[in-house]
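Hi everyone, thanks for making time this morning.

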Amino acid sequence: MKRSPLALFAGLYLIFLYAPIILLPLFAFNDGTIIAFPLRGFTLGWFADLANTPALHEATLNSLIIACSVAVLATCLGLFAARAVTRYKFPLKGGILGFIMLPLVLPEVIVAISLLVVLMQLGINASIFTIILGHTLLCMPFAIAILQGSFAGLDVSLEEAAVDLGETRAGAFRLVILPIVTPGIIASLLICFIISLDEFIIAFFLSGNEPTLPVYLWGQLRFPARLPVVMALGTILVTLSIVLLIVADIFRRRGLRRTGQSETGGFL
């Protein structure tokens with residue numbers, strides 16, 4: 001069977017995109033401080049060094065606090081927005097939704113600088129709190145995109161039937177709607193957690209004296225002897241991200257099946 005030019009291009013693109021990720025664990029297990037071939041031997045020492053770096057532990061804790069907070073905030077706000085967009089009609093709905101989704105297309109460096117300027121004018125110092133605000137702004141469009149798919153296929157008669165049986169609107173939403181869209185909520189939580197955990201540019205501008213894990217890794221690149229440790233940590237982060245993405249996609253697909261929608265092929 002003859003391969004099409006598009007399939008060849010897709011294959012070359014995937015190789016170019018993921019080849020560095022494939023090389024990451026190779027050098028993480030390499031017994032040498034120089035990132036180059038040939039490899040010197042197998043070692044787990046670089047992973048062991050991760051347990052003896054207090055600054056790394058502090059940065060990891062900061063990232064986990066931020067990622068968990070952002071996942072909850074972005075998903076809650078995305079839940080309200082997706083519900084409003086799919087359930088109600090109001091003036092300028094398309095324009096408002098487009099404005100909320102704008103961070104998806106704006107360069108992150110522009111968003112980061114704008115947030116920094118605004119926060120400085122308000123007298124708010126850079127800290128974990130400011131990173132949470134920036135990451136929530138960045139993650140909300142992803143949460144809305146995922147949850148909008150979960151709400152779009154809901155049968156309105158389910159909620160109306162619950163109201164006709166004496167339940168309040170809030171009670172019908174809590175007892176009928178939320179259980180149906182729970183897989184989408186879980187998928188949104190996981191995706192927002194991954195995006196916040198891996199995000200660098202906004203965290204770099206808004207971190208102050210409390211660096212996140214990506215900012216800490218960037219700082220370590222100035223020391224060539226620390227590169228294998230960075231490779232080891234990067235291997236752990238890539239593995240964690242892949243696992244969470246797979247779990248999130250499983251829940252997303254389950255949510256689509258619950259509402260009777262067909263698979264669209266991706267989160268967005």
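Ile128 is buried, because its relative accessible area is 14% and buried means under 20%, exposed over 50% and partly exposed in between, with a 1.4 Å probe and protein chains only. You'll find Ile128 in helix H6, residues 128–152. Its C-alpha atom and that of Gly153, 25 residues apart along the chain, are separated by 37 Å.

A quick word on what you're looking at: this is a predicted model, where local features need pLDDT of at least 70 and side-chain atom pairs count only at pLDDT 80 or more, while totals for chains, interfaces and linings use all residues. Residues are numbered from 1 along each chain as its sequence is written, and side-chain values use heavy atoms, with hydrogens and water left out.

Now the overall picture. The protein has eleven helices and zero strands; these are DSSP runs numbered from the N terminus, H or I with at least four residues for helices and E with at least two for strands. Its C-alpha atoms fill a box of roughly 70 × 65 × 35 Å along the principal axes. Of the 268 residues, 38% count as buried.

Two loop residues next. Leu102 sits in the loop between helix H4 (93–100) and helix H5 (108–121), and is partly exposed at a relative accessible area of 35%. Leu102 and Leu138 are 36 residues apart in sequence, yet 9.1 Å apart in space, C-alpha to C-alpha. Leu39 belongs to the loop between H1 and helix H2 (45–49); with a relative accessible area of 38%, Leu39 is also partly exposed. From the C-alpha atom of Leu39 to that of Phe29, ten residues away along the chain, the separation is 9.2 Å.

Let's move to the surface. Which residues form a nonpolar patch there? They are Leu6, Phe9, Tyr13, Leu14, Leu17, Tyr18, Ile21 and Ile22, with about 830 Å² of accessible area together. The patch rule takes residues with over 30% relative accessible area and no salt bridge, joining like charges within 9 Å and nonpolar side chains (Val, Leu, Ile, Met, Phe, Trp, Tyr) within 5 Å. A salt bridge here is a side-chain nitrogen of Lys or Arg within 4 Å of a carboxyl oxygen of Asp or Glu, and the areas are Shrake-Rupley values with a 1.4 Å probe. Ile22, one of the patch residues, is found in helix H1 (residues 5–28) and is exposed, at 57% relative accessible area.

On a 1 Å grid over the protein atoms alone, a cavity is a set of points where a 1.4 Å probe fits but cannot get out, a pocket is an open set with protein on both sides within 12 Å along at least five of seven lines, and lining residues have an atom within 4 Å of a point.

The largest pocket holds about 520 Å³ of space. Of the 17 residues lining this pocket, Leu24, Leu217, Gly234, Leu237 and Val238 are the closest to its centre. H11 gives the largest share of the lining, seven residues.

How values were computed. Points joined across faces, edges and corners; volume = space filled by probe spheres on them.
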